[in-house]
Amino acid sequence: MPRRPIKSVETKYMEEREGALRALGRLDRRAFVKVSLAAAGAFAAQGIQSPHSFQPIRIASAAPGARGEAFRIAYISDSHLYERTINDRFVNALMRAVDDVNAMSPQPDFVFYGGDLAQLGQASELELGAQILKSLKAPVRMMVGEHDWYLDLGEKWRSLFGQPTYSFDHKGVHFVVLNSVVEKDFWTARKLTPMQRMRTVAGLDNAEQSAFSVGDEQRAWLQKDLAPLAPSTPLVVFSHSPLYKLYRPWNFWTDDADEVQAILRKFAAVTVIHGHTHQVLTNRIGNISFHGLLSTAWPWPYAPQGLPELTVQMGRPNPFDPSDGCGDGGLIVHPDHPDALVDTLYNLWNRNPVTVPGTYLSSNGAQHRPIASETKSY
Ligand SMILES: [Fe+2]
Ligand SMILES: [Fe+2]
C-alpha cells in the first residue's frame, strides 16, 4: 500500500490558504457576503468579537467629555519581512494590518510603525515594506528596529524614511522617536561581513552582540529637545526596545535605560510605547507608563523571569495557527490627562481585543484592570 507523504505544518498551511483563496476567487458577490456572514457567525459562536473592528474604546470610569479631546493613532509593528519569493506569510500579515487600519472609521490621525520592518535589513525587504505602507490612507511615522539597521548601519532605512531620531507636536502632545537599538562595535575586531553582523544581531538570544542602548549622542539630543517643555507637558516617547531592563538574555533590554529614565524624570508623567517584544506587555516605573506593541509576524513567549507585575498576559498562542498572538492596534491619546495619557488597544487577530487603559497604569493597577482576551493558552 502506497504511503502518503507526511506534510510539514508549513506546507499544510500554504495548501489550505491557497485552497481558500481559490475558492474565494470563484465566489460571486452574493456568495461572498454569505461566506463573510458565516465567518462572523463562527467568530460569534466562539465568543470572539469581530477581530478587525477597531471599535471605539469604552473606558468604564470616563464620563462623556470628561477627558477632553482624545485622538487616535493606529500602530503596526515588527513585520520582519523577507523577500516575497522566500516567505510571503509575513508579507501577507503586513498587508492584513494595513487593511485593518484602512478600515478604521474615522481614520487615525497617523499610523505609527514600531520597527523591525525587515528581517535581515536588505534593501529589497525595506523597499517592499515601504511599498506596502504606502497604501495606508493616514500619514505614517516610522521607527527603526535592529533588523532594519545592522546590514548597512541604517543607510537604506534612512534613504527611505529619514532620520531615526526626531520629535514632533500633535494636538498638545509632544512625541519623541528614538533609535534605542544602538550597539557597541562588536564586528570590526572580529572582521565580520555586513551579513554576519546582521545575522548576529537578528539572532537576539546570543551572547556575541552588545546590549541595545540609546547612547550618549541621542541622550544629549533628548535632553536638549525636552529642555523647553514644562513638566506638565503630555509626553509620549517611542522606542523599539523597552526603555527598561526586562530580560537581558533575549535583549528585551536597553542598557542605558536608567539614564534615559532620569532625563524623563522632570515630567509629571511620561508614556513610553515600544516594539520588539511582540506581546501584550505593561509596566510602570515611577512616573513612566510603558506599553509594548503586537507584532504582525510572530509572538515572542513571555520572558521566563522579570515580567512586570502589571502585565495581564495574553496567553500562550496556538503554535499551529500562524496568526495567533499576532495583530496590530491603536493608541487612544487623552491630552487632558498626561498621567493616564494613552489607552493601548491590542487587536489580536483571532482573539478578543484587549485594552490596557492609561488609568490602570497611573493607579498602579488599582483601577480598570484590563480584561484578558481569553484564557485560551497552548
Ligand atoms: Fe521584532
Ligand atoms: Fe526588534
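# A tour from the iron pair outwards

Select Asp116 and the two ions beside it: Asp116 bridges the iron ion (ligand 2) and the iron ion (ligand 1), which lie 3.5 Å apart. The model is predicted, local features need pLDDT of at least 70, side-chain atom pairs count only at pLDDT 80 or more, and totals for chains, interfaces and linings use all residues. Residues are numbered from 1 along each chain as its sequence is written, chains are lettered from A and ligands numbered from 1 in the order in which they are written, and side-chain values use heavy atoms, with hydrogens and water left out.

**The iron site**

Stay on ligand 2 and show its donors (N, O and S atoms within 2.8 Å of the metal, or 3.2 Å for Na, K and Ca; water is not among the atoms, so sites may look incomplete). The iron ion (ligand 2) is coordinated at 2.2 to 2.6 Å by Asp116 (OD), Glu146 (OE), Glu146 (OE), His240 (NE2) and His276 (ND1). Along the sequence, the donor residues of the iron ion (ligand 2) follow the spacing D-x29-E-x93-H-x35-H. Glu146 in helix α5 and His276 in the loop between β7 (270-274) and β8 (282-285) link parts of the chain 130 residues apart. Helices (H or I, at least four residues) and strands (E, at least two) are DSSP runs, numbered from the N terminus.

Switch to a surface view. Glu146 is buried, with a relative accessible area of 1%, and His276 is buried, with a relative accessible area of 1%. Here buried means under 20% relative accessible area, exposed over 50%, and partly exposed in between (1.4 Å probe, protein chains only).

**Helix α7**

Next select residues 194-202, helix α7, where Arg197, Met198, Thr200, Val201 and Ala202 are buried. The buried residues of α7 pack against α5 (146-149), contact meaning heavy atoms within 4.5 Å. After α7 comes Leu204, with a positive phi near 65 degrees.

**The open sheet**

Now select the six strands that form an open sheet of mixed pairing, in the order β3-β2-β1-β10-β11-β12. β3 (140-142) and β12 are at the edges with a single partner strand each, so one side of each has no neighbour in the sheet. On average, neighbouring strands of this sheet are turned by 25 degrees against each other, direction ignored. Two strands pair if DSSP finds at least two bridges between them; β1 (residues 71-76) and β10 run antiparallel and are joined by five. Pick Arg72, which stands opposite Ile332 in β10. Axes are lines fitted to C-alpha atoms, for helices over the stretch in contact, and angles run from 0 to 180 degrees between N-to-C directions.

**Salt bridges**

How many salt bridges does a search of the whole structure find? There are eight, each a side-chain nitrogen of Lys or Arg within 4 Å of a carboxyl oxygen of Asp or Glu.

Select Lys171 and Asp109, whose closest N and O atoms are 2.8 Å apart. Lys171 is in the loop between β4 (166-170) and β5 (173-177) and Asp109 in the loop between α3 (89-102) and β2 (110-113), so the pair ties together parts 62 residues apart in sequence. Lys171 is exposed at 54% relative accessibility, whereas Asp109 is partly exposed at 24%.

End at Arg351 and Asp324, which form a salt bridge (2.8 Å, N to O). Arg351 is buried at 2% relative accessibility, and Asp324 is buried at 3%.
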